[in-house]
Amino acid sequence: MDSIANGEVIDIPLLQLLIAYFFVLILILIVRKQGIDKEKQIILAATRMTIQLVLVGFLLEYIFEMPHPGITLLILIVMEGFAIQNIIARVSTELSFKMKKVTVISMAAGTVFTLFFFLLLVIGLTPWYYPRYFIPIAGMIIGNSMTGISLGVEYLVNQIKKDPQKIEAALMLGASPQQATKKVANQAFYNSILPTINSMVGMGIIFLPGMMTGQILSGVDPLLAIRYQIAIMMGILGSVTLTTFILVKLGVRTYFNERMQLTFNDD
Amino acid sequence: MYKLKDIAYKDILAIKELTLGHEKITSISGPSGGGKTTLLRLLINFISPDRGKIYLKDKALENYPPLELRQQVKMLGQNPIMFGNTIEEEFEMAAEFARQRGYAKKQYQNLLARVNLNKELTASSTELSGGEKQRVALARLLLLQPEILLLDEPTASLDTENEKHILHYLADYALEEECRIIMVTHSPELTNSIADQQIIIAEGSLKEDYHGFDS
């Protein structure tokens, strides 16, 4: 009891951890009973989660013990790579090569700028590559930007494909490509930032955010935990804003050539 | 105004030589799928010919800065597309797209009257019938007073009475505003009564180029 009051973390012995898998068992039983043919998928998901987290746990322990800027950057690149791949796979229509390039550029530029801005100016991290801070914060910023960009690119690509006549009708009146696509671009941008805005509204009342919960569980003073949470939300907002703004601005341009002709670059 | 020299676009259209737009009104007719709309799209530089060149005022289209070209040449597509919620917004959007501001509501109302559309400016533009939308789209375009107007079947959804009215108005407009009109038409017998040059395009090539209307 004393140790808890002192803010120490309660250890979870391996055997007790196994008890937690009881919930997976319940799910499997329900699925089997109801004839929903998804047991394999559930077992696979639980197994994947376990293996992935164990590996990450060991990896992080190793990295935290010997911080190195090269390794931190390597991890950043790997995270960006997975995020970009995820965006491209998630969008319902095949993206053109140019659009894929735009996705990479906006993701990289937006997240890297925000990440360093955040780590150096808000947290004041020294050395800048200290992985205990760098990696989880990069993960949150990249993960949220990934969701934002996925929504934005999905809307942008589908709307332009669905209604090119409206864009051409504006061009016929003398509009520039930017003017002709303004409505679509604005809506794509709004769709991208909406989840972040919504989660800010519900935060603290409807749910306690994961990072803050984690910090509180590991003994951090709630008032410090909320400071981190507020700061990281701002960082996420900044990154989602920047990445999707770049995406929308550059993305629209991939549909036009230098003669301002609407092209469908299905290359 | 326009000169086409040995142009071809995919296997849709091929024209050895053609001048058009020198006279006030040019009509383009011919069976559907023959390449008429493609010709208009080439003229406003929405597409570029695979070979050959198109000149406007002796300058090749590709040498015009795109926005400068589309400042002079404007087009009305076959399906009228509404941008705003009200008729007034349609005019405002057109003015914004063309970067020409400072019009008065009175001008919108005058244009509506001239295209024979008895509607308030506050009326919803999305709930209009096809023919009404077509007239709003035309009025919106005429507000901008381009030098050259490309119209793709501007009277397609109109009844005969309104069609006659619009065609006569266009003839007056071309005269008053010093504007050249090149229009694709589905009813050449009506349009030719006001056209100075009549072009027939079929199966992707020029079948007839007739100058000779005198008023």
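Asp58(B) sits in the loop that runs between β4 (51-56) and β5 (59-60) of chain B, where strands (E, at least two residues) and helices (H or I, at least four) are DSSP runs numbered from the N terminus. The model is a predicted one, in which local features need pLDDT of at least 70 and side-chain atom pairs count only at pLDDT 80 or more, while totals for chains, interfaces and linings use all residues. Residues are numbered from 1 along each chain as its sequence is written, and chains are lettered from A and ligands numbered from 1 in the order in which they are written.

Although Asp58(B) is not a glycine, its phi is positive, at about 65°. Asp58(B) is exposed, with 7 other C-beta atoms within 10 Å; a residue counts as exposed if 12 or fewer other C-beta atoms, placed from the backbone, lie within 10 Å of its own, as buried if there are 20 or more, and as partly exposed in between. Lys10(B), in the loop between β1 (2-9) and β2 (13-20) of chain B, also has a positive phi, near 45°, and is exposed with 12 other C-beta atoms within 10 Å. Most residues other than glycine have a negative phi, and most peptide bonds are trans. In chain A, a cis peptide bond with omega of about -5° joins Thr126(A) and Pro127(A), and Pro127(A) is placed in the loop between α6 (97-123) and α7 of chain A.

Chain A as a whole has twelve helices and zero strands, and its C-alpha atoms fill a box of roughly 75 × 55 × 40 Å along the principal axes. Of its 267 residues, 28% count as buried.

Within chain A, α7(A) and helix α12 (residues 222-253) pack at an angle of about 35° with their axes 8 Å apart, the axes being lines fitted to C-alpha atoms over the stretch in contact and angles running from 0 to 180 degrees between N-to-C directions. Among the residues of α7(A) that meet α12(A) are Ile137(A), Gly148(A) and Leu156(A), and the α12(A) side includes Ile232(A), Ser239(A) and Gly251(A), where contact requires C-beta atoms, placed from the backbone, to lie within 7 Å. By class, this contact of α7(A) with α12(A) has eleven nonpolar, nine polar and no charged residues; Ala, Val, Leu, Ile, Met, Phe, Trp, Tyr, Cys and Pro count as nonpolar, Asp, Glu, Lys and Arg as charged, and the others, Gly among them, as polar.

On the side of chain B, Leu43(B) touches Tyr2(B), Ile54(B), Val73(B), Leu150(B) and Ile182(B), leaving aside residues up to four places away in sequence.

Between the two chains, 22 residues of chain B are in contact with 15 residues of chain A. The elements of chain B that give two or more residues to its side of this contact are α2 (66-72), β6 (73-76) and α3 (87-97), and α2(B) gives the most, with four residues. The side of chain B that touches chain A has 14 nonpolar, five polar and three charged residues.
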